[in-house]
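Good morning, and thank you for coming. Please look at the chain on the screen while I describe a few of its local features.

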Amino acid sequence: MRRSVSENFLDLLLDAVCAVTSSGNFVFVNAAFERIFGYGAEEVVGRNMMEFVHPDDREPTLQAARRVMEGHLQLHFENRYIRKDGSTVHIRWTARWVESAGVRVAVAHDITELHRARSVQAALYAISEAAHAAQDLYALFESVHGIIGSLLDARNFAVLLFDDGRQMLYPAYQVDATGQVPGPVSPEETPWLAALLSPAPAEAGPVADMPAGMLAAALPTQDGPIGALVLRSEDPEQGYGRADAELLHFIAAQVATAIERKQLHVGLQTLAQRDQLTQLFNRRSFVDRLAAAVRTAKEHQTELSLLFLDLDEFKRVNDSLGHVTGDRLLQSVADRLSATVRSADLVARLGGDEFVVLLEQDADGRGAEMLVNRIEQAFVQPFLVGEAVLTMRPSIGAARFPADAQDAEQLLGHADAAMYSAKRKRAASRALAAPG
């Protein structure tokens with residue numbers, strides 16, 4: 001019995017034990033070698049070990065082998081091998097050179113699960129960091145793509161998010177190595193997506209009817225999935241396994257939390273930048289943007305224009321019809337202004353009935369001149385506020401950079417002064433036109 005155990009002792013070990021010649025050819029492997037690498041002894045004896053080493057790890061593996069040949073005991077060297085089934089296995093080696101036998105003897109411990117756990121932990125930390133550091137959702141998705149790509153084949157990757165009605169999924173971020181960029185997709189018309197995003201999804205794992213070579217995971221929240229992460233392998237035959245599906249499912253939960261956090265952060269930023277009554281930019285955010293626009297104009301030697309608007313007789317509306325009607329009128333004015341300006345122009349409410357419009361890259365003030373005419377024409381049409389029909393005309397002052405001012409504060413002051421000048425002229429004209 002003792003002799004039998006002695007003869008089979010190496011085959012009883014859970015770690016792989018092997019011996020290779022000075023040139024790297026296998027001369028012996030124990031039974032555990034097949035469990036770890038997928039190859040039996042008859043398939044590897046006589047072949048060079050470097051055939052099985054991951055291509056990216058071959059040079060450091062050769063360097064480690066040379067150190068062992070020089071008589072150094074190699075402890076805890078880590079590298080990767082390609083298993084018979086094509087998957088990657090992470091190995092921690094201990095090796096030494098046996099001069100009398102002319103072989104290197106090594107013990108290989110499979111640390112694939114340990115490495116995966118380390119990688120997942122690092123990925124989760126990186127996703128959390130990205131949620132704080134990313135300027136917007138697109139930047140967050142770029143970071144998430146890189147993080148997932150360190151764990152899985154993510155050369156073809158998409159973040160799909162529901163629209164407001166939760167009817168369609170839109171690619172909020174997508175990288176496709178094949179150049180095939182699909183548009184919106186309906187879960188109702190895509191059975192595997194419907195199953196993935198169902199209120200009670202199945203446990204983590206491959207989804208039935210999913211196209212070959214594809215892997216997806218829902219982005220779960222307390223209110224239900226907000227979308228999905230979708231990967232497609234370059235090699236549909238190899239594709240992804242159950243372990244990959246479980247990994248992506250786990251990461252997707254963290255990504256969903258990061259998305260919610262970033263959406264909340266962006267929402268709070270927007271809240272801080274917007275006037276709560278009209279949803280236009282408020283004074284603080286406008287002053288910051290105006291200063292940035294002036295700096296850009298100085299740097300590129302371009303011109304910009306600023307319009308300052310004040311509503312004539314607005315106080316009379318507040319006094320006669322009340323502040324609720326006055327507020328609703330301001331909302332209607334904001335909507336009409338936004339519909340009148342160009343898409344590139346910035347509209348803000350400074351407070352009360354004062355509004356401003358910033359026109360960048362406005363050579364000789366031509367854009368501002370045309371916009372003044374459009375605004376005056378737009379305000380000819382009365383405003384319907386509840387049951388009240390109100391005629392409201394704006395007094396508009398214009399200022400140009402650098403013709404009228406050398407910095408943002410001067411520009412705003414010049415436009416304000418021009419507006420009051422226009423208001424006085426209009427008041428004088430009304431006085432002259434009044435009977436008696």
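Predicted model: local features only at pLDDT ≥ 70, side-chain atom pairs only at ≥ 80, totals over all residues.

Is Gln301 buried or exposed? Gln301 is exposed, with a relative accessible area of 74%; buried means under 20%, exposed over 50%, and partly exposed in between, with a 1.4 Å probe and protein chains only. Residues are numbered from 1 along each chain as its sequence is written, and side-chain values use heavy atoms, with hydrogens and water left out.

Most residues other than glycine have a negative phi, and most peptide bonds are trans. Gln301, however, has a positive phi, near 55°. Gln301 sits in the loop between helix H10 (283-300) and strand E10 (304-311); helices (H or I, at least four residues) and strands (E, at least two) are DSSP runs, numbered from the N terminus. Gln361 also has a positive phi, of about 50°, and belongs to the loop between strand E12 (354-359) and helix H13 (366-378). Gln361 is exposed, at 68% relative accessible area.

The peptide bond from Phe401 to Pro402 is cis, with omega near 10°. Pro402 lies in the loop that runs between strand E15 (394-401) and helix H14 (408-433).

Finally, the sheet. Four strands form an open sheet in the order E11-E12-E10-E15, with antiparallel pairing; two strands pair if DSSP finds at least two bridges between them. Strand E11 (346-351) and E15 each have a single partner strand, so one side of each is left without a neighbour in the sheet.
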